[in-house]
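Please look over the two-chain model shown below before reading on. The report that follows takes up the interface, then a sheet, and then some details of the backbone.

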Amino acid sequence: MTAALRLERISKTFPVGKPLIGAPRALVRAVRPVTLEVETGETLGVVGESGCGKSTLARMLVGLEPPSTGAIEIEGQQFDNADPAAFGRMIQYVFQDPISSLNPRKTVRQIIETPLRRLYGMNRADRAARISEIFDSVNLREEFLDRYPHEFSGGQAQRIGIARALAAAPRILVLDEPVSALDVSVQAQVLNLLARLKAEFGLTYLFISHDLAVVEAVSDRVAVMYFGAVVEIGSAKRIFNAPRHPYTRLLADSAPVVGRPLRAPEGKDTELPDPLNPPTGCAFAARCPRASDLCRRVEPELKPMEEDQLAACHHPLDP
Amino acid sequence: MIAFLKLLARNRMAAAGGIVLSFVVALAVVTPLLPLQPPDVTNTANRFLPPFSEGHLLGTDHLGRDLLSRLMWGTRLSLAVGAAAAIIAAVIGSAIGIVAGYFGGRTDNIIMRIVDMLMAFPYILLALAIVAALGPGLMNALIAVAAVNIPFFARNIRGVTVGLAGREFIDAAKLAGMGHGRILAQELLPNVVPVIVIAMSTTIGWMILETAGLSFLGLGSQPPQADLGSMLGEARSALITNPHTSVVPGLMIFVIVMSINLFGDGVRDALDPRLRSGALTRPRPATIVDRDNVPDGPGDGVLDIRALETQFHVGPRVYRAVNEVSLAVQPGECLGVIGESGSGKSVTALSVMGLVASPPGVITGGAVFHDGHDLIGAPYRDLRRLRGDKVAYIFQDPLATLHPLYRVGDQLAEAILVHHRVGKAEARARAVALLKSVRIPNAERRIDAYPHELSGGMRQRVGIAMALANDPEVIIADEPTTALDVTVQAQILALLDDLRRERGLSILFITHDFGVVAQLCDRVAVMYAGRIVEEGPTAEVLAAPAHPYTKRLIACVPELGQGRRELAAIPGLPPAVDRLPAGCHFAPRCDKAREICGQEPLPLARSGARAVRCRFPEEDIASQEDTA
């Protein structure tokens, strides 16, 4: 089976304080070289805290941001030109904020028609048929088509966003925090819809979230990102129960869970590393209880631990 | 569109301006049809006739031409030239601004520096230079005025576009296969048109003045053609002997520019979404109170909210955000209020200290007792004394609550100085101690930091320090960890818990997260559509929820460690609080609902420590009490 998505050491470096002419003042590495493979039909969860580079990674995957190095391969096809229109037929994006991802001055019909018209050049009748088919599969009534985005609740707007992404008939959907702006009672409606659509259209998902419980509930495998790099990747079943990287353990211990007493899972004065002045060695070393001299000198590579679990750590936790 | 016209009509000055302006424009339009004397025919025998002379209503000028006729034709020309200049400047300036704002980076930098250079010249000098280069004439004056105003539009529109270009719908359009041209024309342009209209409505009067200025200097319309500026210019030499020749066109310019400016301001106010949503009406220092039922004191616990009702009155609609909410916080207790967005939990919290924006907020019933006194309806002076001193707030977004231009230490010191007469040095020392108490490392150094220099977690610690500044009895924390990462959230929750135990603080903790409630709160109240549906000790409510809503909401929350699975959902949406159902608010989504549920409201039934508002509860809380 060919992989739906293959990333070969893609990375992204942003210039900071760029003057009109000349070199920028500093470079920030938002994403360090990431190598990943996502199987067809798989859901890969990506978790990490704000600023860990998960959204930048996602934007590179759909061509909204050209990678600084590396290559992206979708179903065996190389994509290296960062042209969203070329990516659009293969891979689509569902945004975090459902309302802000819909143009407030366009009707829902105009929004959903755009990919059909621009990517596939469909005529009017074909478009109408395809739209009613898509609307049916995301459980929206066709009378919504002539309304404007502000008339919808968050959950409905997110379903419209999903309908727009599906309209392009992509093979892969990148879901960037698709439910974090929604209430819990509505969140499950959208997640269950996504699960059904995946089976119906044979899609592959890349599911980005900061909510570990949601990621665990929907993913086959999970990648944990910290400071621009994937620090651990493994099956969703095992990764939070038997983490090998201390950061994964910290994340799992921090999530508030009913029935677990309240305690700060780490020292009270820890701080994130400064992207303008990155530490040498492992970026997590300053927060890590197991850190040694080796960690502060040499950046650990992602190494296989067991089965399909990989972690980037010199002193991994016991399974 | 109708709402826009209504808003415009409500603004009396704008309406008056609009009426005068339409009258002038109507006159200008029909001028060729009116039985006027020819404007350019000289008759030196009748020069400088005063107004109300026979055949010349407004008199004649230095060449004996009829002033009324010249005024009408001149007004027509001035209006046309001013409007044309405004349209040209708007089109070119907006195009420049939209392109610069969308592409950003180097394109933006180069375009905007050129625009800056244009703006660096005094505008009238620039206009003179353009006319000097092109030669005098009305057309050239028009070009000059338009060119001089392009930077104004370019900068305005660029600012708006930069904000829009970063929005997600632009990314979505790129992924839908739209090219740059289509995105500019179809996605961005419709969103900036209101701004263009606003900018035009406020500058068109100015452009008419500028054109008149150039004509006055003899660089605009050429004799014998009349426009308002050239009429003034020609009358200048007779200003003392025959003032009416300059007063007539001068008054007309005044009337036109005043009416356009008044009308333009009205258009701007009616179109600007921030002003439209009520930002023009300055909120009062405390929420308006208009109560029918006032419960008797003195109340129970440090903070006793009794049958509180808060509504928002917007036009004919009444949004019942909070309905008869009663909550009592005991000393040293942490009471959680949990609910989804729109359940009224934040409005309840803000009502306590009269912080709901009024208008449109009104507290229509109930009381909040603190220390035996009712806070609702208390004089503003008393409220101000208590705010931050006895009852303090911690808000969700620490970046929005801290002032970006002041150092955090100064903001902390200010919070202390408002309530205590201490010296600056003492206040600063206390601020350092506060930062230490919320475990900010390097407090002595961090006190001089600006909010943007701190991470989200550190900023929220400053927010907590500020709430602690005056040793309050109650802290109302409104989703204080929602904007934070999980590892930071765990630290902040542990900190709040420690502080509460060290200082015997009472906390009213508002959240949507059951995990947070379970870890921090002694008791919990569940809110749905403005009402409390269930209340009780946290462990009991979570283990055996009595209200169907609570039970199903808990089932929706995914918990870590259960692997891949289908999640439960509650179908439907919460009701809109301006159209609440008559009976139980949850009935339309409840699978246990019977006919009676939707018909009659039900009080919160209390039994021991627990309370539930349901006819067919999931758990019998009364029998539980007996067995316990």
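How many salt bridges does the rule find across the interface of chain B and chain A? There are two, a salt bridge being a side-chain nitrogen of Lys or Arg within 4 Å of a carboxyl oxygen of Asp or Glu. Glu187(B) and Lys106(A) form a salt bridge through their side chains, at 2.5 Å from N to O.

This is a predicted model, in which local features need pLDDT of at least 70 and side-chain atom pairs count only at pLDDT 80 or more, whereas totals for chains, interfaces and linings use all residues. Residues are numbered from 1 along each chain as its sequence is written, chains are lettered from A and ligands numbered from 1 in the order in which they are written, and side-chain values use heavy atoms, with hydrogens and water left out.

**The interface**

| Item | Value |
|---|---|
| Residues of chain B in contact with chain A | 66 residues |
| Residues of chain A in contact with chain B | 73 residues |
| Area buried between chain B and chain A | about 5700 Å² |
| Part of that area on carbon and sulfur atoms | 57% |

Within chain B, Leu175(B), Leu560(B) and Arg564(B) lose the most area to chain A, together 14% of what that side buries.

**A sheet in chain A**

Chain A has an open sheet of four strands in the order 2-1-4-5, with antiparallel pairing; strands (E, at least two residues) and helices (H or I, at least four) are DSSP runs numbered from the N terminus, and two strands pair if DSSP finds at least two bridges between them. Strand 2 (26–39) and strand 5 (77–79) of chain A are the edge strands, each pairing on one side only. Strand 1 (residues 3–16) of chain A pairs with strand 2 of chain A in the antiparallel sense over 10 bridges, and Ala3(A) stands opposite Glu39(A) in strand 2 of chain A.

**Backbone details in chain B**

Most residues other than glycine have a negative phi, and most peptide bonds are trans. The peptide bond from Pro223(B) to Pro224(B), however, is cis, with omega near 5 degrees, and Pro224(B) lies in the loop between helix 8 and helix 9 (228–235) of chain B. Asp371(B) has a positive phi, near 60 degrees, and lies in the loop between strand 5 (361–370) and strand 6 (373–374) of chain B.

How values were computed
Contact means heavy atoms within 4.5 Å. Buried area is the accessible area (1.4 Å probe) that two parts lose on being put together, summed over both.
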